[in-house]
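Open the model in your viewer and keep the selection tool ready.

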Amino acid sequence: MLVSRWAQETFGQRAPVIRQGIAEALSVALDNARDAQTAAQTDHTHPFGFTLMSRKFEALAEAFEDMGDVRIVKPAGSAHELVVLDGKLLFPFRYAKDRSVSVMSARIGEGRPSALVQALFNRFGPEPVMRQLALADVAPHAVPVAEALGDLPGDTSLVLIAYACNAHAGLLDAWWGEAELLDRTGSLRWHHCEEIPLARDAGAEQTALPGAAFDQGALPTPALNPRVAHTIRAEAASGE
């Protein structure tokens, strides 16, 4: 699968390697979580969820720790280390447990976004095309967290990694791009979103759809097929 213009502009010549590294790290994290579930010998999926919560961050850090221009940071208030790769902060999250949810309807987390998540969006997310909630309006504790991120350069940008998975089927699909946080429920508005070919599909023939601009109306819902890559751009006309 060809690398998109967005990926090239974001990560330069290393974009294909980084994209592959993300796919492999997610696969490792999912395999570890499923192993934990099997070892626990329980029908409850808590072992899977708890393992995945930590391993998704650890696997990313392990995948890129030897690459140049990499920083592994542990923000105050977070139990997890985050990867900052060439000024791009990678943040993985599960947006769905099956294929019934479109990535364009993804929410970051199942509840109210944490203070850390809100701080990351406010400090490093893209310039909003819609009204972005004021930091204090969403979480009073987000301001100290944001201050704790002050050692990161101001031009750091947030790159989201959204994936769908479950303990039975494993990793279903994965996407990366940029989005703004819209509200207290964790709703996102994607500025750019494209599929990451999974490790098992690395040798498969894939088709890239051209990006589309939308001046108004709802964004389309891409088909969630791990063998077809989609590139979706959302551009809103300011002041209209």
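How do the residues of the lining of the largest pocket divide into nonpolar, polar and charged? The lining holds 22 nonpolar, 11 polar and six charged residues. Keep in mind that this is a predicted model.

**Stop one: the pocket**

The largest pocket has a volume of about 1000 Å³. Its lining counts 39 residues. Select Met-53, Lys-56, Arg-94, Gly-109 and Glu-110, the closest to the pocket's centre.

Next, colour the elements around them. Helix H3 (46-64), strand E3 (88-96), helix H4 (115-124) and strand E4 (157-166) each supply at least two lining residues. Helix H3 gives the most, with eight residues.

**Stop two: the rings**

The model has three aromatic pairs. Select Trp-6 and Trp-176. Their ring centres lie 5.3 Å apart and their planes meet at 80°; angles over 60 degrees count as edge-to-face, so this pair is edge-to-face. Trp-6 sits in helix H1 (residues 5-11) and Trp-176 in strand E5 (residues 170-181), so the pair links distant parts of the chain, 170 residues apart.

Phe-11, at 3% relative accessibility, counts as buried. Trp-176, at 0%, counts as buried too.

Finally, show Trp-6, Phe-11 and Trp-176 together: they form one aromatic cluster.

Terms used: Residues numbered from 1 in each chain as written. Predicted model: local features only at pLDDT ≥ 70, side-chain atom pairs only at ≥ 80, totals over all residues. Heavy atoms only, no water. 1 Å grid on protein atoms, 1.4 Å probe; cavity = no way out; pocket = protein on both sides within 12 Å on 5 of 7 lines; lining within 4 Å. Points joined across faces, edges and corners; volume = space filled by probe spheres on them. Helix = DSSP H or I, 4+ residues; strand = E, 2+ residues; numbered from the N terminus. Nonpolar A, V, L, I, M, F, W, Y, C, P; charged D, E, K, R; others polar. Phe/Tyr/Trp six-rings, centres within 6.5 Å; stacked < 30°, edge-to-face > 60°. Buried < 20%, exposed > 50% of the residue type's maximum accessible area, 1.4 Å probe, protein only.
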